[in-house]
Amino acid sequence: MSFDLAARLAARRAENLYRHRPLLDSPQGPEVVVDGQPLLAFCNNDYLGLASHPQVIEAWRAGATRWGVGGGASHLVIGHSSPHHALEEALADLTGRPRALLFTTGYMANLGAVTALVGQGDTVLEDRLNHASLLDAGLLSGARFNRYLHNDATSLANRLEKAIGNTLVVTDGVFSMDGDIADLPALAREAKAKGAWLMVDDAHGFGPLGAHGGGIVEHFGLSQDDVPVLVGTLGKAFGTAGAFVAGSDELIETLIQFARPYIYTTSQPPALACATLKSLELLRSEHWRREHLNTLIRQFRQGAEQIGLELMDSFTPIQPIMIGDAGRAVRLSQMLRERGLMVTAIRPPTVPAGSARLRVTLSAAHSEGQVQLLLNGLADCFQRLGPEPSHA
Ligand SMILES: Cc1ncc(COP(=O)(O)O)c(C=O)c1O
């Protein structure tokens, strides 16, 4: 037997599922250079336009001068420095939770939290459209793993009836590929009624949602009692990198003792924490970013509806256009690119089979003129491509 990698790769190509990495040759922002081509981009997660903000860059530079570049060791050895600690305190304040714990990435925060809280003899129940890192965490935990219907509290309640041991209910806050938000009040009610804990990964909600950018829990006004485990990532609206889990003192101490992706890895560069402290300050105080973003979201939805595009039930900066067929989604993405517009085609296995889409993301860094250019490009490409063959 040998590894027939060539056959696996050829099968991926044949299914229109082969992935390429576009080469970015500029900072993140609306105007980028990709593979040597200047493009107007609608596909990053820098929702508030902070990834290239001069004050955030300056905080990074000053942090590197003061603290050096590398984390140097894991947090439990000698890698936990004052900027990390100050950032944890600022994130606890943002979330209204007693404590927060920094992780190097969101993927690791999710693996760490789930595997530290449940194991064999326990149950983990997840929304079927959760981010891959949450699904992987559930599988890795060794707990009994089950998925409930998307955003469906009744489906969750049915599964809770059969749960054994400690039970963790896990959901995205804003669903990363659909842009809709979890019905947290209903999910929290069902979880609490059965003594289960609710864990929310609000990677895409912090920043855009909530009056002060506190995400979905601020949006719904939910307490720690409703959502005992709250995860946020720093690589999206915060514009930097890393992630955090916020919750009670006991939760955070438990993660420090038992979360292997926290314990066995080098801390993030302290200068990065300095940069995030600055972006957190901007995220909380510069309300105009959220207001402008909401204006762009309304503009995009109205324009797209006029063109007759199939949008999803989303009022967040994630505004996917449903296409269905993966080949057609790739073709549309290519046609847009020929017109100087970058919108990514999202295909299975990232989304369920037959639900390929163009994932448009909007940022406070975009102007209304740029959103209009996108709408013009979409109208042109959809008209040229014509209706789907099955609908023709
Ligand atoms: C919902 C969600 N959770 C977690 C992650 C992972 O975060 P990170 O990129 O920091 O690993 C992502 C995307 O990257 C995400 O969309």
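Guide: The domain bounds used here come from an automatic or database domain assignment. The model is predicted, so local features need pLDDT of at least 70 and side-chain atom pairs count only at pLDDT 80 or more, while totals for chains, interfaces and linings use all residues. Residues are numbered from 1 along each chain as its sequence is written, and side-chain values use heavy atoms, leaving out hydrogens and water.

The centres of domain 1 and domain 2, taken over C-alpha atoms, lie 27 Å apart. Domain 1 comprises 19-48 + 287-385, and domain 2 comprises 54-285. Between them, 21 residues of domain 1 are in contact with 24 residues of domain 2, contact meaning heavy atoms within 4.5 Å. Together the two domains bury about 1,700 Å², of which 61% is on carbon and sulfur atoms; buried area is the accessible area (1.4 Å probe) that two parts lose on being put together, summed over both. In domain 1, His 287, Arg 290 and Phe 315 lose the most area to domain 2, together 29% of what that side buries.

The rule finds one salt bridge across this interface, a salt bridge being a side-chain nitrogen of Lys or Arg within 4 Å of a carboxyl oxygen of Asp or Glu. Asp 178 forms a salt bridge with Arg 357, with 3.0 Å between the closest N and O atoms. On the side of domain 1 that touches domain 2, α13 (287-307), β10 (318-324) and β13 (356-361) are the elements that give two or more residues. Such helices (H or I, at least four residues) and strands (E, at least two) are DSSP runs, numbered from the N terminus. The largest share of that side, three residues, comes from α13.
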